[in-house]
Amino acid sequence: MYSDVILAGEGYQVLGKCIHVGILDFILFEEDEEYYSCFHLWEDKRRRIYSDKLEIHIVELPKLAEREYPETALLKWARFFNAEKKEEFEMVAKTDPHIQKAYDQLLYMSGNEEKRLLYEARQKAINDYNTQMYSNWHDGYSEGEKRGYREGEKQGYKEGEEKKLIGLICKKMKKNCSAEEIADLLEEDKEKVEAIYNTVLNFAPDYNIERIWKKLGGAEKPAVVRAEQMIE
C-alpha cells in the first residue's frame, strides 16, 4: 500500500512518511504513565534509526481517566475519541474549531446511511481528482525540468565558448596583437573580434574575463550578439 503512492518512473525519495496511528481502548504499556507514544525503526545494538519515513503513534485512551495530563491539542483529540455521551462530545468540540468541524461531520455522517454513502463517494471523487491533478502536474513538471536542463546545458556551453573567445583575445592583446591580427590568428570574424577588442581595452591591464563577458551582455544576451550589435 505504501509503494502505491509512487508514480511510474519515480524514485523512493519522493515518498512521504508512512504514519500509523493506533487509538486504543485498552492499556498497552502498563509500566508507562504517558498516554501517548511514538515509535520508529531502530537498530537494536547501535540505536541507529533505520528510516524516518515510518512512524507508529499510539494513544491509550483508558489512561486519561487515571491521571491528569498537561493541556495540549493532542489531549483534546484524545478526549474527543474517548467520549461516549453527546454532552461529552459537545463539550470537547467547543474547545477547538478543528474538533468542532470533525464533530459536525460525525453528526452528518451518522444521520442516515444514504448520507454516509454520499459523503464517502464525494470524498473518493475528491481524492481521485487530486491524485489525477498531481499526476498531470508531476508529468508536466518532469518534462519542464528535463527541457530546462537541456536549455541550461546548451546555454552553459554557449557561455563557455564566449568566455573562451574573450580569454584568447585577451592573451593576444597582452602580446600587443592588433584586432586584425587576432582575427587572422583565431580564424574569427574580423568585425566581431574588433567589437570585443574595443571592449577589452577598457579592462586593461587585469583583463577580468567575467567582467568583460558581462559588459558584452553576459547572461542577458550572448556576447557575440552584443558584439555584433556594437558593430552596427
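**Salt bridges, strands and patches**

Analyst: Let's start with a contact: the side chains of E90 and K86 meet in a salt bridge, 3.9 Å from N to O. A salt bridge here is a side-chain nitrogen of Lys or Arg within 4 Å of a carboxyl oxygen of Asp or Glu. Keep in mind that this is a predicted model, where local features need pLDDT of at least 70, side-chain atom pairs count only at pLDDT 80 or more, and totals for chains, interfaces and linings use all residues. Residues are numbered from 1 along each chain as its sequence is written, and side-chain values use heavy atoms, with hydrogens and water left out.

User: Which helix holds E90 and K86, and how are they separated along it?

Analyst: Helices (H or I, at least four residues) and strands (E, at least two) are DSSP runs, numbered from the N terminus. E90 and K86 are four residues apart in helix α2 (residues 86-93), so what separates them is about one helical turn.

User: Is K86 buried or exposed?

Analyst: The cut-offs are under 20% relative accessible area for buried, over 50% for exposed, and partly exposed in between (1.4 Å probe, protein chains only). K86 has a relative accessible area of 54%, so the label is exposed.

User: What parts of the chain does the salt bridge of K17 and E55 tie together, and how many residues apart are they in sequence?

Analyst: The closest N and O atoms of K17 and E55 are 2.7 Å apart. K17 lies in the segment before β1 and E55 in strand β3, so the pair links parts of the chain whose separation in sequence is 38 residues.

User: And is E55 buried or exposed?

Analyst: K17 is partly exposed, with 47% relative accessible area. E55 comes out at 10% relative accessibility, so it counts as buried.

User: In which sense do β1 and β3 pair, and over how many bridges?

Analyst: Two strands pair if DSSP finds at least two bridges between them. In this pair, I19 stands opposite E55 in β3. Strand β1 (residues 18-24) and strand β3 (residues 49-60) run in the parallel sense, over seven bridges.

User: What about β2 and β3: which sense, and how many bridges?

Analyst: L41 stands opposite S51 in β3. The hairpin of β2 and β3 has six residues between the strands, and R47 takes a positive phi near 55 degrees there. Strand β2 (residues 36-42) pairs with β3 in the antiparallel sense, over six bridges.

User: Which strand gives the most to the nonpolar patch?

Analyst: Patches are made of residues with over 30% relative accessible area and no salt bridge; like charges are joined within 9 Å, nonpolar side chains (Val, Leu, Ile, Met, Phe, Trp, Tyr) within 5 Å. This one consists of I19, V21, I23 and F81, with about 360 Å² of accessible area together, by the Shrake-Rupley method with a 1.4 Å probe. F81 is found in helix α1. Three residues come from the top contributor, β1.

User: And which helix supplies the largest share of the negative patch?

Analyst: Asp and Glu count as negative, with the charge placed at CG of Asp or CD of Glu. The patch is formed by E180, E181, D184, D189, E191 and E194, and α5 (179-186) and α6 (190-200) each supply at least two of its residues. The largest share, three residues, comes from α5.
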